Amino acid sequence: MIILGLDPSLSCTGWGVIRADGSRISHIANGQIKTDTKAPLPDRLAHLDTVLAAVIADHAPTCAAVEEVFVNDNPQSTLKLAHARGVALLACARGGLPVGEYAPRLVKKAVVGTGGAAKEQVQAMLRVLLPGAKVAGADAADALAVAICHANHRPRV
């Protein structure tokens with residue numbers, strides 16, 4: 001099974017692709033999709049959609065996992081995050097991918113063992129779980145963690 005993990009954000013969406021074979025996982029690819037903060041919102045969303053479609057076409061995942069929205073203190077930030085998340089969900093649906101959705105605390109627990117783990121702890125565990133993987137940045141690391149969470153929570157056939 002090839003899993004696409006997504007950590008949506010309007011400024012920088014992280015993506016990560018892993019292979020899950022039973023309880024074994026391996027790294028395939030990862031990256032970050034940055035949008036131009038000066039561009040109009042529709043253009044930023046269109047760019048995100050175009051790049052996600054290319055990632056799906058290039059790596060042919062069998063399913064996807066997306067981090068759920070968390071509510072910020074700033075309603076505008078939450079709304080922008082929701083826009084990006086909607087584009088991510090749409091890209092997956094257009095690609096015919098079933099999508100799992102996971103809360104940030106569950107993602108951290110799946111990778112580190114505790115839902116209150118710091119980003120540095122998640123990144124350190126990724127180095128253990130995916131040895132040799134060159135991670136494009138913090139958002140890509142979060143996306144790989146989402147994919148690993150899905151690998152751990154998917155139904156076994």
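This is a predicted model: local features need pLDDT of at least 70, side-chain atom pairs count only at pLDDT 80 or more; totals for chains, interfaces and linings use all residues.
Student: At what angle do the axes of helix 3 and helix 5 cross?

Tutor: Angles from 65 to 115 degrees count as roughly perpendicular. Here the axes of helix 3 (residues 104-112) and helix 5 (residues 138-153) come within 8 Å and cross at roughly 75 degrees. Helix 3 is therefore roughly perpendicular to helix 5.

Student: Which residues make the contact?

Tutor: Helix 3 contributes L106, V107, A110 and V111, while helix 5 contributes A145, V146, I148, C149, N152 and H153. Of these residues, eight are nonpolar, two are polar and none is charged.

Student: How many salt bridges does the structure hold?

Tutor: A salt bridge requires a side-chain nitrogen of Lys or Arg within 4 Å of a carboxyl oxygen of Asp or Glu. The structure holds three. In one of them, R94 meets D49 at 3.2 Å, N to O. Because R94 belongs to helix 2 (residues 75-94) and D49 to helix 1 (residues 41-59), this pair ties together parts 45 residues apart in sequence.

Student: Are R94 and D49 buried or exposed?

Tutor: Under 20% relative accessible area counts as buried, and over 50% as exposed. R94, at 55%, is therefore exposed, whereas D49, at 18%, is buried.

Student: Which residue forms a salt bridge with D142?

Tutor: The partner of D142 is K119, with the closest N and O atoms 2.5 Å apart. D142 lies in helix 5 and K119 in helix 4 (residues 119-129), so the pair links parts 23 residues apart in sequence. D142 is buried at 12% relative accessibility, and K119 is partly exposed at 42%.

Note on methods
Residues are numbered from 1 along each chain as its sequence is written. Side-chain values use heavy atoms; hydrogens and water are left out. Axes are lines fitted to C-alpha atoms, for helices over the stretch in contact, and angles run from 0 to 180 degrees between N-to-C directions. Helices (H or I, at least four residues) and strands (E, at least two) are DSSP runs, numbered from the N terminus. Angles under 35 degrees count as roughly parallel, over 145 as roughly antiparallel, 65 to 115 as roughly perpendicular and the rest as oblique. Contact means heavy atoms within 4.5 Å. Ala, Val, Leu, Ile, Met, Phe, Trp, Tyr, Cys and Pro count as nonpolar, Asp, Glu, Lys and Arg as charged, and the others, Gly among them, as polar. Buried means under 20% relative accessible area, exposed over 50%, partly exposed in between (1.4 Å probe, protein chains only).
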